[in-house]
Amino acid sequence: MKRREFLKSVAGTGAGLVILPSGARAGQTAPSNKLNVALIGVWGRGLAHQEAISSENVVALCDIDENHLDEAAVKFPKATKYVDWRKCLDQKGLDAVICCSPDHTHAFVATSAMRRGLHIFCEKPLGNTVEEVRMVRQVYKENRNKLATQVGTQRHANVNFNRVRELIRDGAVGELRHVYAWGNRKIPKPGYLPASGTPPSTLHYDLWLGPSPFHPYNPEYFSGRPGANCLNWNMYWDFGTGQIGDMGSHTMDLAWNAIDASLPTSAEGKGDPFNPEVTPVQFQATFEHPANDWRPAIGVSWYQGGAMPGSPKPSIDLSKIGHGVMFKGTKGFLIADFDSRILLPFGDQADMTYYNRRAADAIIPPMGHFQKEWSAACKGNLKTSCDFEYGGTAMEQMLLGLVAYRVGQKIEYDGVNGRITNNEEANRLLRKEYREGWKFDS
Ligand SMILES: NC(=O)c1ccc[n+]([C@@H]2O[C@H](COP(=O)([O-])OP(=O)(O)OC[C@H]3O[C@@H](n4cnc5c(N)ncnc54)[C@H](O)[C@@H]3O)[C@@H](O)[C@H]2O)c1
């Protein structure tokens, strides 16, 4: 039996107990039942994955910063070290990849990993352009019966996500009409950093730039604290998408989990005047979504950097909720952050008789540990809560908002073909150019 099938069959036993070839009994964490994992981007967000993955075989570490690699190698001394993720993915015997490198590499790493038959956990956002996230989704669709994927929106494991979904599905706000999500993070910058100094010999700057157009080295791109260094580069168009891909990924997830949406049919966006180097701080976008089998057509809006939806009551200051969502229905509002929620029926006398609270045995069970859901899925039924279809459509929607903002017009979207039907310039903005030597295989 091939190693991968063996891992699956081990998980399929349910109790996780199998008779190993030697005749010895062992559970899912026995050496032969472990995944061979590569960690790409080992510091920063990568540190948050090290503990979760330490019960598997971490056989490869990849980082463009050799100091970060050496630090990680203390914890995983047997792993082979790489500075180029393309070489890392070629290591023989790999089963799975965790990608924590910067946003402009995600779609490249994700598609390359899946094409090599590797399971992948990819940090949010899944890509920086509509073309990138669509390609990731496409490759996932071609391999979904073989591969487990997860987008790194780990707040999804908060039980509040389930409570919000139950309230919306069960009609606590009546029939759903519109969902508003917002975030208050602001990191204004004038433009790309000027050239300053030379990269240390241990930092492979050319590989950090990867597929992005060249920008001169400046140490400020690397001066943030672990897990927050993305805030030193993610606002620049060539490296990220600002708060859309940053907190937008997490906050839209809270809404997305409750509305069973796919791709929107239109997008509108407005915000700060366009800066060709830096994504907008203040920005808002609205999307139209078709009806599904349990709700009518709805609107979905995203606000950031000071733009906010109107509050349903003067006494409720929505801006006190840094990152939140609000669902508006025919009978009331539900306002939530990642951990809690407030239900606000219309009218002080509302009696909520329209709402049927679900039975205790129909409550959605907690999903458990977010990263471990994925590693168990790699060995088992391949099912995860934030797979590349779910997370990819959420991100595609958000990125369409940026395209609409750039053309300054409401765009009509044909999600089946990934085409904007009323603006040719907008179609050109669905993708970007890459540096010579880098090709995003579409
Ligand atoms: N899920 C979350 O809550 C969360 C939180 C923070 C960051 N993130 C995401 O994690 C990713 C990394 O963010 P960060 O703040 O850790 O950034 P970072 O700049 O600290 O980079 C993380 C690590 O990747 C390495 N790296 C950079 N380019 C690389 C490449 N081409 N190949 C391999 N390694 C490379 C860096 O040297 C560093 O060790 C981002 O995509 C960000 O959106 C997610």
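Helices (H or I, at least four residues) and strands (E, at least two) are DSSP runs, numbered from the N terminus. Welcome to this predicted model: local features need pLDDT of at least 70, side-chain atom pairs count only at pLDDT 80 or more, and totals for chains, interfaces and linings use all residues. Residue numbers start from 1 along each chain as its sequence is written. Below is a short tour of the sheet, the ligand shell and some backbone details.

- Nine strands form an open sheet in the order 15-14-13-9-12-11-10-16-17, with mixed pairing; two strands pair if DSSP finds at least two bridges between them.
- Its edge strands are strand 15 and strand 17 (419-420), each of which pairs on one side only.
- In general, strands of a sheet pair through backbone hydrogen bonds, either parallel or antiparallel.
- Strand 9 (residues 176-183) and strand 13 (residues 323-329) run antiparallel and are joined by seven bridges.
- Opposite A181 stands V325 in strand 13.

**Helices across the sheet**

- Helix 7 (residues 159-169) lies across strands 9, 13, 14 (332-336) and 15, and runs at about 170° to strand 14.
- Helix 9 (residues 247-259) lies across strands 9, 12 (298-304), 13 and 14, and runs at about 160° to strand 9.
- For these angles, axes are lines fitted to C-alpha atoms, for helices over the stretch in contact (C-beta atoms, placed from the backbone, within 7 Å), and the values run from 0 to 180 degrees between N-to-C directions.

**Around the ligand**

- There are 29 residues around the ligand, and G41, W43, G44, R45 and N229 come nearest; a residue is near if its C-beta atom, placed from the backbone, lies within 6 Å of the molecule.
- Helix 2 (45-53), helix 5 (103-115) and helix 8 (205-209) each supply at least two residues of this shell.
- The shell has 12 nonpolar, 11 polar and six charged residues, where Ala, Val, Leu, Ile, Met, Phe, Trp, Tyr, Cys and Pro count as nonpolar, Asp, Glu, Lys and Arg as charged, and the others, Gly among them, as polar.

**Backbone details in loops**

- A cis peptide bond leads from K124 to P125, with omega near -10°, and P125 is found in the loop between strand 7 (119-123) and helix 6 (130-143).
- M352 is not a glycine, yet has a positive phi of about 65°; M352 lies in the loop between strand 15 (341-345) and helix 10 (370-379).
- L382, also a residue other than glycine, has a positive phi near 70° and is found in the loop between helix 10 and helix 11 (388-407).
- M352 counts as partly exposed because it has 13 C-beta neighbours inside 10 Å, and L382 counts as partly exposed because it has 18; buried means 20 or more other C-beta atoms within 10 Å, exposed means 12 or fewer, and partly exposed lies in between, with C-beta atoms placed from the backbone.

Methods: Contact = placed C-beta atoms within 7 Å.
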